[in-house]
Amino acid sequence: MIERIPDDTDLPELTLRGMLLGAVLTVVFTAANIYLGLKVGLTFASSIPAAVISMAVLRRCRGANILENNMVQTQASAAGTLSAIIFILPGLLMIGHWQGFPFWLTAAVCGVGGLLGVLYTIPLRRVMVVDSPLPYPEGVAAAEILRVGELAREKDNAQALAQGQAQAREIAFGGLLAALVTLFSGGFRLLAESFTAWIPLGAAAVRLSVGFSLALVGAGYLIGLAAGLAILLGLVLAWGVIVPWLTIQAAPAPDQTLPALAMSLWRQQVRFFGAGTIGVAAIWTLATLARPMWDGIRTALESVHLGNGAGAAPRTERDLSPRAIMAVGLASLLVLLVIFHRFLYAADSGLAPLAYGALVLACVLFAALFGFLIAAAAGYMAGLVGSSSSPISGIGILAVILVSLMLLGFGAAAPQLTGANEGKLAVALALFTTSVVVAIAAISNDNLQDLKTGYLVGATPWRQQVALMIGCVVGALVIPPVLELLYQAYGFAGALPRPGMDPAQALAAPQATLMTAIAMGIFHATLEWKMILGGVALGVVLIVIDRFLRRSGAGSLPVLAVGLGIYLPPTIGMTLVVGALLGHAVERALARRPAAEREEPRRRGVLLASGFIVGESLMGIVLAALIAGTGKEAPLALVGEGFEPVAQWLGLAVLASVCILFYRRIALR
């Protein structure tokens, strides 16, 4: 089995053909993600599909190898993450500040945010990837895919070839199963995408939900029991305690059902509770990582000072040099100064020169410093539950609240900012600043996942970091024209209508709508603060409990995972829990075997879970292309909405059957 390319083996990695292939995949996946995200509020992770496509394209090329394929997926992964900028930028059109997406300004925000996201996570690589027990489910899955693909190329080694083919069959089985489930749910609509049951308790309502995403089952299988139970605790707190209590306090409107009221309360209040918990957990995470992160920075600086440079370290430990990091970082900050100046200058703010300069500098410093703080939290969340389930919109909520408060304080000294045009300039500046933070968080979220894949297969870190920077630049150039095209073709819900625009076809852009509402709520003093502060208080209590559990040796309570359980839709959170419980059941069954007989089925379990992620990702791309090509939300639907109750029970039966099949295939074979 190919475990890891040794340090003394220097294979071609960052090749011209690989960069060209990665650029093409970045363009395609970025466009697909932007459309899907604006329409339904979801994006797909592109790392694993890119790895699969890269292996298929390069397998016939001379000298192609596992590290070259890894570079392609690293570069293309920017598509699934940098497109998270759509969670915030459309808000500028919704408040009427922009009438379109200016190319260079939009591209610069995306590109600079992405580059800073790469730079900020470089000092975190050792502490969060090499020395960390975080599972990084998608990073591990991508590494397994690359390994199997490399084994399948070993035609001169019969044993390796047979092993590679056997492992490829495991991935193919899981991929085909997940692709079929996705096709029958998201395509044909014969299976629902989730099951929901409401339990009325007088004036309260308790929701029981689970999604039918096999990719999430696979991710849950890889994250482990501790994180799964922590997410379950968050779900219980949200839907078993907080939402029922709030429904008792609030009476539904005459035409509003109890479930509709509960969903409204969760979206408008309880998610802020989860965001508060995520925020305090993120700060605590940063505090615990500060010492080892600083040690890593000091070691790198000492290496350069002594004249050893990156060459003093083994190949698989060489990051970008501190000089290169500082050069790219300073250039990025200078570009930030320019784009914030252009943004305010175009708005004709009427600020005095001193106040104008101070405001530009304050926004740049906030984006840079808060972005650095949030990079660790975003990377930690990706390591905990995977990039696809990491709540970038939650990071955006925290950022837009903090930057709005900063601008509110600035407006006390410069009333032109918050007083003109009902404070729309302040709202626009808050959204624009948050867009930089979201780009930083998204790429930080992705970079550590990619570095985990690279660490497992033996890649060179600095080459991966360069590849992701290239992906950020390419993605940044693609995003503005795609956004402009979609706005001109469909329009956005809540934005000023264009001539001839069909409101029924307008793209929902749900996260951008939420961020805009939060910023306006702060400047108009209508935001509910009690939920956010309640989440902060819960986070503090959970941190104390976690410290006690760790010191007593009784286990741990990942606080971020609890916050995710509150914040994420239950159809996502509960499916992760199902996967974690499935993994625990398999591990208990394998524990009854002799130690020598456990490793092979464990690897098959990882491969099968990885296959789930691969199959759903690839089918998701196919369905996204069909949606984009036809302009219909469900172009393959065979049934109408009236079939939904039956589809829910069919989906639940399929999910249970797949879990039983997984258990029998891994634990009993």
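Guide: Of the 669 residues in the protein chain, 58% count as buried. This is a predicted model, and its secondary structure comes to 24 helices and two strands. The part to look at here is helix 8, which runs over residues 137-151.

Helix 8 has 15 residues and spans 21 Å from its first C-alpha to its last, close to the 21 Å expected at 1.5 Å a residue. Its burial is the next point: 15 of the 15 residues of helix 8 are buried, so the helix is largely enclosed by the rest of the structure.

On the helix 2 side, the contact is made by Ile48, Ala51, Val52 and Met55. Helix 8 contributes Glu138, Ala141, Ala142, Ile145, Leu146 and Gly149. By class, this contact has eight nonpolar residues, one polar and one charged.

For another helix to set beside it, take helix 13, residues 322-347. Helix 13 has 26 residues and reaches 37 Å end to end between C-alpha atoms, close to the 38 Å expected. Its buried residues are Pro322, Gly329, Ser332, Leu336, Ile339, Phe340, Phe343 and Leu344.

Back at the level of the protein chain, among contacts between residues at least 6 apart in sequence, 82% join residues at least 24 apart.

How values were computed:
Residues are numbered from 1 along each chain as its sequence is written. This is a predicted model: local features need pLDDT of at least 70, side-chain atom pairs count only at pLDDT 80 or more; totals for chains, interfaces and linings use all residues. Side-chain values use heavy atoms; hydrogens and water are left out. Helices (H or I, at least four residues) and strands (E, at least two) are DSSP runs, numbered from the N terminus. The expected span of a helix is 1.5 Å times one less than its number of residues. Buried means under 20% relative accessible area, exposed over 50%, partly exposed in between (1.4 Å probe, protein chains only). Contact means heavy atoms within 4.5 Å. Ala, Val, Leu, Ile, Met, Phe, Trp, Tyr, Cys and Pro count as nonpolar, Asp, Glu, Lys and Arg as charged, and the others, Gly among them, as polar.
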